[in-house]
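Grab a pencil and work through the exercises below with the model open beside you. Each task comes with a solution in steps.

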Amino acid sequence: MLQFVKLGGSLITDKLRPRTSKPEVIARLMDEIRRARDSQPEIQIILGHGSGSFGHVPAKRHGTRAGVRSAEDWLGFVDVWRQARDLNNIILKAAQKANLPVIAFPPSAFIQAKGGKTHHLNAEPLKSALAAGLIPMVNGDVVFDHNLGGTVFSTEDVFQALVGDILPDRILLCGLEEGVYSDYPRCTHLLPQIDLAHADEILASIGGSSGIDVTGGMIEKVRLMLTLVEQFPRIQALIFTGLHSENLLRALHGENPGTLICNH
């Protein structure tokens with residue numbers, strides 16, 4: 001079973017404090033991934049992570065998602081890339097301590113966009129990494145864009161780019177929230193499941209994101225996952241919290257500790 005796993009930026013960083021990671025949370029999540037692989041060696045994972053208080057802060061300051069054209073914009077583009085990479089390295093070190101064979105693939109190096117959408121990508125190196133028993137890791141990143149010069153792709157955008165070439169069974173979005181609430185921001189009613197038939201009414205009630213998020217927050221995550229399960233009916237997506245110990249482990253084992261998004 002192939003699973004795409006995103007560790008949300010709000011989970012692994014303090015999104016209200018620039019460049020502040022949560023090392024204890026990251027270490028625990030790496031341990032849960034290792035335990036899942038130890039108990040089910042057939043599991044394949046493409047790991048992704050958000051940029052949280054690293055990449056999102058400079059991306060908002062420079063307006064990078066809207067486009068990159070001036071010399072100053074390009075310096076901002078590099079600033080966003082550099083800070084996203086700094087967090088990437090923190091997670092790589094945590095994976096190494098957990099004895100996980102994680103290898104990083106920056107989306108800026110394998111995705112070319114056009115008008116904010118994927119235009120071309122080379123997924124072959126990621127396929128080779130999976131075939132070798134490794135864990136490819138992607139992240140929210142800047143990408144070059146034929147129309148905009150450059151832009152920002154969320155981890156979900158990267159996952160969407162990959163599914164045409166590498167089709168997962170499940171997409172696990174492990175973040176701060178327990179799942180998707182029907183009454184955000186009161187957050188008293190957690191939805192156990194969202195299917196295509198009830199998508200419109202649910203999208204109307206979902207809120208965005210606390211902290212700085214230049215890529216759309218919760219509503220964009222849900223909308224994108226619904227698009228993917230409609231295009232690829234075999235895919236299931238799960239939005240859940242990684243704050244509770246073993247939730248990620250449970251999700252990797254096929255349980256649904258959060259909100260399941262599916263075709264029916």
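Which residue follows α3, and is its phi positive or negative? α3 is followed by Gly 63, whose phi is positive, near 65°. Helices (H or I, at least four residues) and strands (E, at least two) are DSSP runs, numbered from the N terminus.

Before going on, some ground rules. This is a predicted model, where local features need pLDDT of at least 70 and side-chain atom pairs count only at pLDDT 80 or more, while totals for chains, interfaces and linings use all residues. Residues are numbered from 1 along each chain as its sequence is written, and side-chain values use heavy atoms, with hydrogens and water left out.

**Exercise 1.** Work out how enclosed helix α3 (residues 52-62) is.

- Step 1: Find the buried residues (under 20% relative accessible area, with exposed over 50% and partly exposed in between; 1.4 Å probe, protein chains only). They are Gly 52, Ser 53, Phe 54, Gly 55, His 56, Val 57, Pro 58 and Ala 59.
- Step 2: Eight of the eleven residues are buried, so α3 is largely enclosed by the rest of the structure.
- Step 3: Look for the packing partners: the buried residues of α3 pack against α1 (9-12), α4 (71-97) and β8 (149-153).

**Exercise 2.** Describe how helix α7 (residues 155-163) meets helix α9 (residues 217-231).

- Step 1: The axes, which are lines fitted to C-alpha atoms over the stretch in contact, with angles from 0 to 180 degrees between N-to-C directions, come within 10 Å and cross at roughly 10°.
- Step 2: That makes α7 roughly parallel to α9 (angles under 35 degrees count as roughly parallel, over 145 as roughly antiparallel, 65 to 115 as roughly perpendicular and the rest as oblique).
- Step 3: α7 brings Glu 156, Asp 157, Gln 160 and Val 163 to the contact, and α9 brings Lys 221, Leu 224, Met 225, Thr 227 and Leu 228.

Terms used
Contact = heavy atoms within 4.5 Å.
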